[in-house]
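Here is a short briefing for someone meeting this structure for the first time. Please look over the sequence and the model before reading on.

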Amino acid sequence: MYTKQDFDDLTAQLKKRRLILSLPCILLLGLIVYSLIIRLMWLTIALSILLGIILIFGITMFISPVSVYRRHVDHALYGRVRKTEGCLKEMEETPVWRDGLMLLPLIININDMKNEEDDRLFYYDGRRPLPGWDVGQRLLLTSYDKLITDWETK
């Protein structure tokens, strides 16, 4: 489901976004130093506030989503994973947000479909194309935590 190329692409995208965000911040920092030299306190305060706003907005909206997804792909490729075999009981079509990731919840039953104690909750990556799974289909899921990293039908 994930490849090293996905990880490398996300790493390159993260570096590019950090560079794009750092350019206006360096410019503003230079202006703040200049305003301190010429002793315009109101300009120093205004530029500092603007720098803070750009940093908070840029990190929250521009860098953090790529960083979180890159960490997810890193765990999927190189982290400790386990395999679970069972039948698909249900899969929701509306995504949920967990730890900054858009995920689709699904329930796999590992033994008796009528026994709810055998149900296991997993999350499928909402950015990936949906597989053509049918209810009752037997699947072998590879996952870390509750996040599916790979799958195959049985």
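The notes below go from the whole chain to single residues.

This is a predicted model, in which local features need pLDDT of at least 70, side-chain atom pairs count only at pLDDT 80 or more, and totals for chains, interfaces and linings use all residues. Residues are numbered from 1 along each chain as its sequence is written, and side-chain values use heavy atoms, with hydrogens and water left out.

**Fold and overall shape**

- The chain holds 2 helices and 6 strands; helices (H or I, at least four residues) and strands (E, at least two) are DSSP runs, numbered from the N terminus.
- Their order along the sequence is α-α-β-β-β-β-β-β.
- The radius of gyration of the chain is 23 Å, while a compact globule of 154 residues would have one near 15 Å. That radius is taken over C-alpha atoms, and the globule rule is 2.2 Å times the number of residues to the power 0.38.
- Along the principal axes, the C-alpha atoms fill a box of roughly 75 × 30 × 25 Å.

**Burial and contacts**

- Of the 154 residues in the chain, 32% are buried. Buried means under 20% relative accessible area, exposed over 50%, and partly exposed in between (1.4 Å probe, protein chains only).
- Among contacts in the chain with a separation of 6 or more, 56% join residues 24 or more positions apart. Contact means heavy atoms within 4.5 Å.

**Helix α1**

- Helix α1 covers residues 4-37, 34 residues in total. At 1.5 Å a residue it should span 50 Å, and its end C-alpha atoms are 49 Å apart, which agrees. The expected span is 1.5 Å times one less than the number of residues.
- Buried residues in α1 are F7, L10, T11, L14, L21, C25, L28, I32 and S35.
- An α-helix has 3.6 residues a turn, so residues three or four places apart point the same way.
- Helix α2 (41-78) is part of what covers the buried residues of α1.

- T149 sits in strand β6 (residues 147-153). Its relative accessibility is 5%, so T149 counts as buried.
- Beyond its neighbours within four places in sequence, T149 is in contact with M1, Y2, A76, V81, T142, S143 and Y144.
- D145 lies in the loop between β5 (138-144) and β6. D145 is exposed, because its relative accessible area is 56%.
- D145 and F122 are 23 residues apart along the chain, and their C-alpha atoms are separated by 8.6 Å.
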